[in-house]
Structures are given as C-alpha cells and as structure tokens.
Amino acid sequence: MPYGISNARANRPRRIRKFVLNAFAYAVLGMALGVYMAIAQNFRQMGTHTHIMLVGFVISFAYALCHRLWLSNAGSKFAAVQFYIHQAATIVLLAGLFLLYGGFVPAERVGPVLGTGSIFVFVGMLLMFVMLLRSPARS
C-alpha cells in the first residue's frame with residue numbers, strides 16, 4: 001500500500017459508504033411500501049414495512065455511525081464479515097416477512113426462514129458489539 005496505509009484503513013471509507021448506501025436503499029424501499037399501503041388502504045405488510053425501516057435503515061445507518069465515530073477497524077475482515085452477515089440476514093428476514101404478510105407462503109413454511117434471518121441479524125449485532133468493545137476509546 002502506498003504511504004504505509006494498511007489495507008484495512010484503505011477499505012474503511014468504502015465500508016462506511018456501503019452501510020450508508022444500503023441504509024438509504026432500505027429507507028427508499030420501506031417508504032415506497034408505506035406509500036403503496038396508504039394508497040391501496042391495505043396494511044397487511046405493516047410488519048414488513050416496520051422491519052425494513054428499523055432493521056434495514058436504522059440499524060444499517062447506526063452501524064455506519066459506529067464505524068465513523070468509534071471504530072478504526074471498519075476495513076478489517078472482521079468488519080466485512082459483520083457487514084455481509086447483517087445485509088444477508090436482513091434480506092432473508094425481509095423477504096420472509098413479505099411472503100408471510102402478503103399471504104404468499106403459510107407461516108409453517110416461512111417460519112424457519114424468519115427464524116434464521118432473525119438469528120443472523122442478532123449475530124450481526126453481537127459482532128458489532130464485539131468490535132465496539134475491542135475498539136480503543138476515542139476522546
């Protein structure tokens with residue numbers, strides 16, 4: 001790396017940007033679903049809408065803030081694993097909720113998908129917590 005910059009440090013701005021871009025993509029999706037529900041006066045997807053906004057937008061944006069404000073390891077492999085676990089789990093969870101609340105798949109069939117997505121969203125949160133605990137305190 002030029003000027004002695006480690007690969008992890010060089011990847012830090014990209015990881016933060018990925019979290020922010022994903023967060024706003026979820027916000028656009030969640031808001032579009034909300035607008036559709038309001039126009040159609042069909043609120044069956046309210047749970048999906050809520051999870052898109054909270055798990056997709058709010059948590060992804062909070063992770064970006066954590067990386068920007070407190071973590072210096074945003075470009076590390078550990079941070080990459082945390083990022084991809086959160087994003088994959090969020091997509092699985094949201095797809096499962098959409099199928100469930102839309103009446104496309106019965107609860108008995110989609111339940112394991114929702115459970116898996118939920119567990120891995122939780123794993124992503126635990127990994128972020130570990131990164132924050134391991135991070136040196138900033139003043």
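## A left-handed crossing

Welcome! Helix 2 and helix 4 cross in a left-handed way, meaning that the near helix is turned anticlockwise from the far one by less than a right angle. Helices here are DSSP runs of H or I with at least four residues, strands are runs of E with at least two, and both are numbered from the N terminus.

This is a predicted model, in which local features need pLDDT of at least 70, side-chain atom pairs count only at pLDDT 80 or more, and totals for chains, interfaces and linings use all residues. Residues are numbered from 1 along each chain as its sequence is written, and side-chain values use heavy atoms, without hydrogens and water.

## How the two helices meet

The axes of helix 2 (residues 46-69) and helix 4 (residues 107-134) cross at roughly 15° and come within 11 Å. Helix 2 is therefore roughly parallel to helix 4, a label for angles under 35 degrees.

On the helix 2 side, the contact (heavy atoms within 4.5 Å) involves Val-55, Ile-59, Tyr-63, Cys-66 and His-67. Their partners in helix 4 are Val-121, Gly-124, Met-125, Met-128, Met-131 and Leu-132. Together, the residues of this contact comprise 9 nonpolar, 2 polar and no charged.

## The whole chain

The protein chain has 4 helices and 0 strands, giving the order α-α-α-α from the N terminus on. Among contacts with a separation of 6 or more, 78% join residues 24 or more positions apart.

Of the 139 residues, 36% are buried, that is, under 20% relative accessible area with a 1.4 Å probe, counting protein chains only.

Definitions and conventions. Axes fitted to C-alpha atoms, helices over the stretch in contact; angles between N-to-C directions. Parallel < 35°, antiparallel > 145°, perpendicular 65-115°, else oblique. Nonpolar A, V, L, I, M, F, W, Y, C, P; charged D, E, K, R; others polar. Buried < 20%, exposed > 50% of the residue type's maximum accessible area, 1.4 Å probe, protein only.
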